[in-house]
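Subject: A structure for you to look at

Hi,

Here is the structure I promised you. Have a look at it first, then read on for what turned up.

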Amino acid sequence: MRNVFVLMLVACTLTLSSGATPAQDITPPQQVTAQSDDSVNVAVEVEVEPSAEPAQAATLPDKGDTSWMLTSTALVLFMSVPGLALFYGGLVRSKNMLSVLMQVFVVFSLSTVLWCVYGYSLAFTQGSGALSPYIGGLDRLFLGGTFNADTGEFSLAATFSKATPMYELVFVAFQATFAGISCCLILGSLVERVKFSAVLVFMVLWFTFAYLPVAHMVWFWAGPDAYTSAADVDKINATAGLLWQWGALDFAGGTVVHINAGVAALVGAYMLGKRIGYGKESMAPHSLTMTMIGAAMLWFGWFGFNAGSALEANGSAALAFVNTLLATACAVLTWTLAEWMVKGKPSMLGAASGAVAGLVAITPAAGNVGIVGAFVIGSVAGFICLWGVTGLKKLLRVDDSLDVFGVHAVGGIAGALLTGIFNSPSLGGPGFVNNWFEMQPGYESIMAQLITQAKAVGLTVLWTGVVAYIAFKITDRIVGLRVSEEEEREGLDTTYHGEVAYKI
C-alpha cells in the first residue's frame, strides 16, 4: 500500500457532537480538517511559536464508520418512503390511498429542505443566552461551514468516542431522515379528512417550534473531545441541551421522534374531529397486503434508525441491532397472543401493528439496555400498545385514524421509562458514561434514572402538545384544516390530487 503522508496546519479542535448518554446523538463541530489522497489517518506535526497552544493530531473519519452511517441514513429514508407510506396507505380506504402516499412523500421532502436551511443549525449548534438549553443558533444556516469549496476540506463532528470523528455532512443527512419521519408519523392521525395545504402549513410550524427544540434539548452536547480537563466538566455540561443536562437517555428518538409526534397527532385528531361515518360505516383497511409490506420495510429500515444512532460501527451498534431485532419479534408475538385471546382470532393487522409497537418501544433503549431489557420491553410493548389502540382509544373518544398516539406515544413512553430501569448494570444494561473527561461509565440508581426519564417524558408531552395546538389553530386560520363533506365522501385522491391509486 502506498504510504502518502501530508503535513497540514490544524488550529481547531473537535467540539460539537450529539447525543443523550452512551448512545444518543451528536452535535455539529467547529473543526475543519483535510483528507489525504489515500484516505488514511494522518498524524500531524507542526512547528509553532513558543506562546502558541500545542496542536493536536488530526484524526480522519474511519471508512468503515462512514460507510455504516451512510448506509444507516439510506435505511431510515427507506423506512419513510416507501415503508411508512405503504404501511399507512394500506390502512385507509382505497379512495384515499394516493393522498396518503402523496402526503408522506411531500412532507418528508419539505422537512428535508427545512432541515438543511435552518433545522440542523437550530437543533445541533450551541445557542446563546437563556435560550441555549432549548434551541441552538444559526452557525450552520444553509449548512454553511460544513464544506470549504476553496480548500476541499470537510468539517468533522464528534461521535461518542474521543478522537473518533465523523464527517459532519454524514451526520446532517442522518439526522435529516429522523426529522422527516417524525413529521410523517403525525399524518396517520389526520388522513382521509385533512386539507393538503393544511398539512404543509402545520408541518412547517411544528417542525420549527416542536421538533427542533426537543431534538436540541435531548441530543445536543459538546462531544467527548471537549472534555479536556476535570475542572471544566460542569462548564461544558452547561452548554448542552436541557434534557441532556438532566441525564435523560434517548438512544434513537423515543422522546424526540415518537412521543413528540404521537402527542401532536392526538391533538390534531381532536381538532380535526371524527371522519364522516366514523363508528357507523365500515372504514376497514383497503389493503392489508400493502400494510404488511410497509411494516416489513419499517422493520428493515429501523436497523439504520437504531443501530445507526451509535454513530460508529462498533459494539454499541451491534447491541442496538440485536435489541431491535429481538424486541420487535417479542412484540409481534405478545400482540398476536393477546389479540388471539381477546378476539378469538390472530390478525395480520395485529401482527404488523405489534412489530411497529416493538420498534417504537425499543428505540430509546436500543443501545442503552442489555438483552434482558430487550425481551421485557418488546413483550410489554405488544400488550400495552394493543390496549392503547383499543381500551385507551375508547376512553379518549378520538378518531386517531391510524392509531399514531396509541402506538407511537404510548409505546414511546413505555420504552423511555423502561430504559431508565433496564439501563442498570444489575439488570444487564450497559449503564452510561457520566464522566466524559475520563470516559468512565457510571450509574446512580434505578429510581433516580426512572425519575429523570419521567421528567423528560413529561416535558416532551407538554411542549409538543402546546405547540401542536397553537400550530393547528394558526393553520386553521390561514387555510382551514378540514376538507368539505362532499370532498371527504368522494375521497381525497380525486378531489385534491386529480388521480386515483387504482384503475379498474
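So, how many helices and strands are there in the protein? The answer is 16 helices and eight strands. Keep in mind that this is a predicted model.

First, the overall picture. The protein has 504 residues, and 58% of them count as buried. If you take the contacts with a separation of 6 or more, 78% of them are between residues 24 or more positions apart.

Now find helix 8, residues 288–307. Its 20 residues reach 28 Å from the first C-alpha to the last, close to the 28 Å expected at 1.5 Å a residue. Even so, helix 8 has a kink of about 35°, centred on G301. G301 is also one of the buried residues of this helix, along with others including T291, M297, W302 and F305. What covers them? Among the elements that cover the buried residues of helix 8 are helix 1 (63–91), helix 3 (168–186), helix 7 (254–272), helix 9 (315–343) and helix 10 (348–362).

Next, some strands. Strand 3 (residues 147–148) and strand 4 (residues 153–157) run antiparallel and are joined by two bridges. Across that pair, F147 stands opposite F154. The two strands make a hairpin with four residues between them, and G152 in the turn has a positive phi of about 75°. Strand 4 also pairs with strand 5 (residues 166–167), again in the antiparallel sense and over two bridges. There, L156 has Y167 as its bridge partner.

Most residues other than glycine have a negative phi, and most peptide bonds are trans. Against that background, look at the bond between V81 and P82: it is cis, with omega at about 20°. P82 sits in helix 1.

F142 is in the loop between helix 2 (97–124) and strand 3, while L311 is in the loop between helix 8 and helix 9. Are they buried or exposed? F142 has 59% relative accessibility, so it counts as exposed, the cut-off being over 50%. L311 has a relative accessible area of 1%, so it is buried, which takes a value under 20%.

Cheers

Note on methods
Residues are numbered from 1 along each chain as its sequence is written. This is a predicted model: local features need pLDDT of at least 70, side-chain atom pairs count only at pLDDT 80 or more; totals for chains, interfaces and linings use all residues. Side-chain values use heavy atoms; hydrogens and water are left out. Two strands pair if DSSP finds at least two bridges between them. Buried means under 20% relative accessible area, exposed over 50%, partly exposed in between (1.4 Å probe, protein chains only). Contact means heavy atoms within 4.5 Å. The expected span of a helix is 1.5 Å times one less than its number of residues. The bend at a residue is the angle between axes fitted to the seven residues ending there and the seven starting there.
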